[in-house]
Amino acid sequence: MDKHVSIEYRVHPNHEELAKDAAIHMARTARRCAKAKGRVFIAVSGGGTPREMFAQLADPEGEAFGIMPWSKVRLFFVDERLVPPDVPDSNYNMVRETLLSRAPIAPEYVFRIKGEHVPRIAAFTYSNIVRNRLGLRRGEIPSFDIVQLGMGDDGHTASIFPHTAAVSKQAGIAIANYVPQKDAWRVTLTYPVINNAAEVFFLISGKAKAEALRSVLHDQYDPVRLPAQLVRPQNGRLLFLLDQDAAELLPELPPEQEKGTGSASERGKL
Ligand code: 6PG
């Protein structure tokens, strides 16, 4: 990871505590943004890890639900598989099941990537939706208020996989990316768009991610091999929300980091 990026870490004892903290963190950040700007543009990732976070967010008995400025949320997606929106593999389907079917977000404020289209059309259409909804001129880079990312055990994030074209694609808002490892196309935000966010937080859980996380944070900068290293918000906040299993190979965190107080620390002091 680039040494100039200031990174915050919060490490939790287990997945449930991690998900609860992530939900409250997203809600609090969204509320601050909605208060300042009247709306909040959030881009979320798919996969399995965020399921519990979305469930915590959508739970009316939970702390996060009451904090989230639901009517001000404009929900976007970081990436999507090229599948219909109603199949298990769809990121939209997962967010619909865990969050949208239970939380008071108006459907007109949810902007999915149309995975049922051919890759380049899906990417082109979604790029236009983002541009229009964020009120951008052509060529302007969107700035999401919150981007939530996951990370694979191969160091990928979004749908920017090792040794794929997306690692070096800087132009555009969303692109189609062929992933040989999955023999499948994906649509993903480009990493400059991710890096233009006001805040990016990784949500990473489980022993299976420990080695990749250690590599991303402590190995030589090599984004072709470790695409998650591309995430270096120029002016934004970068936060890693982890459980102990995912963090087990990281050198000792400064004591204040362990208790979830999350104070910024230069990378490399870990
Ligand atoms: C996707 C996600 C992807 C995900 C990682 C981690 O489309 O799969 O957006 O980037 O965050 O693959 O996935 P898990 O949380 O399932 O480990």
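Me: Why is proline 69 called buried?

Reply: In this predicted model, proline 69 has a relative accessible area of 9%. The cut-off for buried is under 20%, so proline 69 qualifies as buried.

Me: Where is proline 69 placed, and what does proline 69 touch beyond its sequence neighbours?

Reply: Proline 69 sits in the loop between helix H3 (63–67) and S3. Leaving out residues up to four places away in sequence, proline 69 touches Ala27, Ala30, Arg31, Ala34 and Val40. Arginine 28 is 41 residues from proline 69 in sequence, with 8.9 Å between them, C-alpha to C-alpha.

Me: Which residues of H1 and H2 meet, and what classes do they belong to?

Reply: From H1 come His15, Glu16, Ala19, Lys20, Ala22, Ala23, Met26 and Ala27, and they meet Glu52, Met53, Gln56 and Leu57 of H2. By class, this contact has 7 nonpolar, 2 polar and 3 charged residues.

Me: Why does asparagine 93 count as buried?

Reply: Asparagine 93 has a relative accessibility of 4%. Buried requires under 20%, so asparagine 93 counts as buried. Asparagine 93 is part of helix H4 and, with residues up to four places away in sequence set aside, touches Pro85, Asp86, Val87 and Pro88.

Me: How do H2 and H4 cross, and which residues meet there?

Reply: The axes of H2 and H4 come within 8 Å, at a crossing angle of roughly 35 degrees. On the H2 side are Pro50, Arg51, Phe54, Ala55, Leu57 and Ala58, and on the H4 side Met94, Val95, Glu97, Thr98 and Leu99. By class, the contact has 8 nonpolar, 1 polar and 2 charged residues.

Me: Which residues of H2 are buried, and what covers them?

Reply: Pro50, Met53, Phe54, Gln56, Leu57 and Ala58 are the buried residues of H2. The elements covering them include H1, S2, H3, H4, S6 and strand S9 (199–204).

Me: How do you know that leucine 149 is buried?

Reply: Leucine 149 has a relative accessibility of 0%. With the cut-off for buried at under 20%, leucine 149 therefore counts as buried. Leucine 149 belongs to strand S6 (residues 146–149). Its contacts, apart from neighbours within four places in sequence, include Ser45, Val78, Ile194, Phe202 and Val231. Serine 45 is 104 residues from leucine 149 in sequence, but 5.5 Å away in space, C-alpha to C-alpha.

Me: Alanine 158 and aspartate 183: why is each called buried or exposed?

Reply: Alanine 158 has 7% relative accessibility and so counts as buried, whereas aspartate 183, at 59%, counts as exposed. The cut-offs are under 20% for buried and over 50% for exposed. Alanine 158 lies in the loop between S6 and strand S7 (174–179), and aspartate 183 in the loop between S7 and strand S8 (184–189). Phi is positive in alanine 158, about 50 degrees, although this residue is not a glycine. Aspartate 183, also a residue other than glycine, has a positive phi near 50 degrees.

Me: What makes proline 192 buried?

Reply: Proline 192 is at 14% relative accessibility. Under 20% is the requirement, so proline 192 counts as buried. Proline 192 lies in helix H6 (residues 191–195), and beyond four places in sequence touches Ile141, Lys169 and Gln170.

Me: How many residues are in the largest nonpolar core, and which have the most contacts inside it?

Reply: The largest nonpolar core has 86 residues, and Ile42, Leu57, Leu99, Phe144 and Phe240 have the most contacts inside it. Helix H1 gives the largest share of this core, 8 residues.

Terms used. Residues are numbered from 1 along each chain as its sequence is written. This is a predicted model: local features need pLDDT of at least 70, side-chain atom pairs count only at pLDDT 80 or more; totals for chains, interfaces and linings use all residues. Side-chain values use heavy atoms; hydrogens and water are left out. A nonpolar core is a set of buried Ala, Val, Leu, Ile, Met, Phe, Trp, Tyr and Cys residues joined through side-chain atoms within 4.5 Å. Buried means under 20% relative accessible area, exposed over 50%, partly exposed in between (1.4 Å probe, protein chains only). Helices (H or I, at least four residues) and strands (E, at least two) are DSSP runs, numbered from the N terminus. Contact means heavy atoms within 4.5 Å. Ala, Val, Leu, Ile, Met, Phe, Trp, Tyr, Cys and Pro count as nonpolar, Asp, Glu, Lys and Arg as charged, and the others, Gly among them, as polar. Axes are lines fitted to C-alpha atoms, for helices over the stretch in contact, and angles run from 0 to 180 degrees between N-to-C directions.
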